[in-house]
Amino acid sequence: MSSRRPSERRGSDRRGSGMSSRRPSIDPSRLVPMDKTTHIGGGDDFNVVFIGAGNIMFGSEEGPWNHSFRFEHKLGPRLKVVALIDPAIERATAVLQKKCESFVVSAYQDTRVFKTLEDFVKNMAPRDKPRAVVVGSPPMFRGTLEPGRDIEMQILKYFPGVAMFIEKPIATGPRHEIEDGYKIAKAISDSNTICSVGYMLRYLKAVQMMKQIIEENNLTVMTTIARYACAYEKAAKPDWWDKSRSAGPVIEQGTHFCDLSRYFGGEVDISTVSAHSLEWDENAGKLSKMCIDESVIAPENRIPRATAATWKYDSGAVGSFTHIVALHDTNYSCELEVYADGYQLKLVNPYVQPTLYVRKPGDEMEHAIRFPDDDPFFSEISNWIDIIEDIEEDPEAAQILSSYEDAVKTYELTWAIREASERSRAAKLQAGADAAKAQKAETA
Ligand SMILES: NC(=O)c1ccc[n+]([C@@H]2O[C@H](COP(=O)([O-])OP(=O)(O)OC[C@H]3O[C@@H](n4cnc5c(N)ncnc54)[C@H](O)[C@@H]3O)[C@@H](O)[C@H]2O)c1
């Protein structure tokens, strides 16, 4: 069992406050699944506030995410969820009821439900002060300085020094609000708050092995090629299909692979981002298995079926990303290739069955490494809690791999891709209109 270190160590990027430019990574052998680990030591209660009672927090049919389940395993009987904040009181009460009927009852039997964080603060007994707050509300309600959409600033105000975990993407508001994201990042960093953002794919063993190969061989990444093909048949949330509500699939979903691209390629020169899209009203964009009624969504808010983008990294390397809404059934098809002198690192199927294909100098065969029982959702939570608990540090100690500032940069990249594709579409439509006008003038 891990021991706590008594000393203070503040100002390290281990805390995810964005204090250092060093790119953190973790020895892949230290990323262990839940069933191969024991819960963290200590006897004192570990108070947590959950914000949002939805799928990411309590699980769903859609995927393996379920933060509460990982917290239960990491903290064992120490876990006390002191409050569940969600304006949908009935939903929150129903998930708590289920928990209280199960063997994890001790974590939830005293959980109180509130519509807002402010309500909780007004009614909070001193013993209920949280050590950590987990934010899994929809991104349209956070990531800004606007009242009601400023949960991060509220947490900093009411609970200074308390750790935060924030789901991705950091926001889905209008483009001009990205500046607010950077201001929030600065407030987090200035206050030295432990903060991790839910880009869990960074915690995949395969991804950390890619990092290890790059570091050990002193490689410089030349290009990243990312492809995210989602299975849309079960995408049943109308908001997801509506750009005015979820900001579109690159910002809401493709963000994971834009983030991984940045994790390997470094900072993106945003001015170089160019993109094209296949839209809903083009022949190739017709979908046969949509389970929502798209006709009720305003035409200008319907999502693209494919988006292809390229950019330059500050390092000189080039990046490309394609997001596709085309596959049926359930499983996604996602791949990330990273190239460096002599090396090809190919991450395949990270959501379902992560496999890393490695080609090295002197051997033209790709070698496959499989990671059958990897659980990046557990690893990201486990690392974050180890840092909150100040587990004794060694050179391989837990690291937060996605700081708030880093996540704002990913958000900015995804917005740049969306805007570049919309510019390309507008230019094409304009060119078509000009050509039609010219032809009409000719025939007149
Ligand atoms: N990392 C991943 O793979 C992954 C997977 C699923 C979801 N997510 C992210 O988690 C977030 C939530 O997604 P979800 O699928 O759980 O959504 P959801 O719709 O299932 O649940 C969201 C919940 O938040 C509540 N809510 C709305 N406004 C709120 C507010 N102001 N304060 C508190 N709660 C509020 C809703 O009532 C709802 O119960 C999104 O950012 C999503 O992208 C990430």
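**Ligand shell.** I started with the residues around the ligand and sorted them by class: 11 are nonpolar, six polar and four charged. For this I counted Ala, Val, Leu, Ile, Met, Phe, Trp, Tyr, Cys and Pro as nonpolar, Asp, Glu, Lys and Arg as charged, and the others, Gly among them, as polar. The shell holds 21 residues, and Gly54, Asn55, Ile56, Ala88 and Ser137 come nearest; near here puts the C-beta atom, placed from the backbone, within 6 Å of the molecule.

**Ground rules.** I am working with a predicted model, where local features need pLDDT of at least 70, side-chain atom pairs count only at pLDDT 80 or more, and totals for chains, interfaces and linings use all residues. My numbering runs from 1 along each chain as its sequence is written.

**Domains.** I found two domains, domain 1 at 7-200 and domain 2 at 205-373, with bounds from an automatic or database domain assignment. Their centres, taken over C-alpha atoms, are 26 Å apart. Next I looked at where they meet: 11 residues of domain 1 contact 16 residues of domain 2 (C-beta atoms, placed from the backbone, within 7 Å). On the domain 1 side of that meeting I noted seven nonpolar, two polar and two charged residues.

I looked up the record, an unreviewed entry, which lists "domain: Gfo/Idh/MocA-like oxidoreductase N-terminal" for residues 46-199; its annotations may be inferred rather than shown by experiment. That span is 37% helix and 18% strand, with end C-alpha atoms 24 Å apart. I took helices (H or I, at least four residues) and strands (E, at least two) as DSSP runs. The unreviewed entry also gives "domain: Oxidoreductase putative C-terminal" for residues 202-343. There I read 23% helix and 30% strand, and 20 Å between the end C-alpha atoms.

Conventions:
Two residues are in contact if their C-beta atoms, placed from the backbone, lie within 7 Å.
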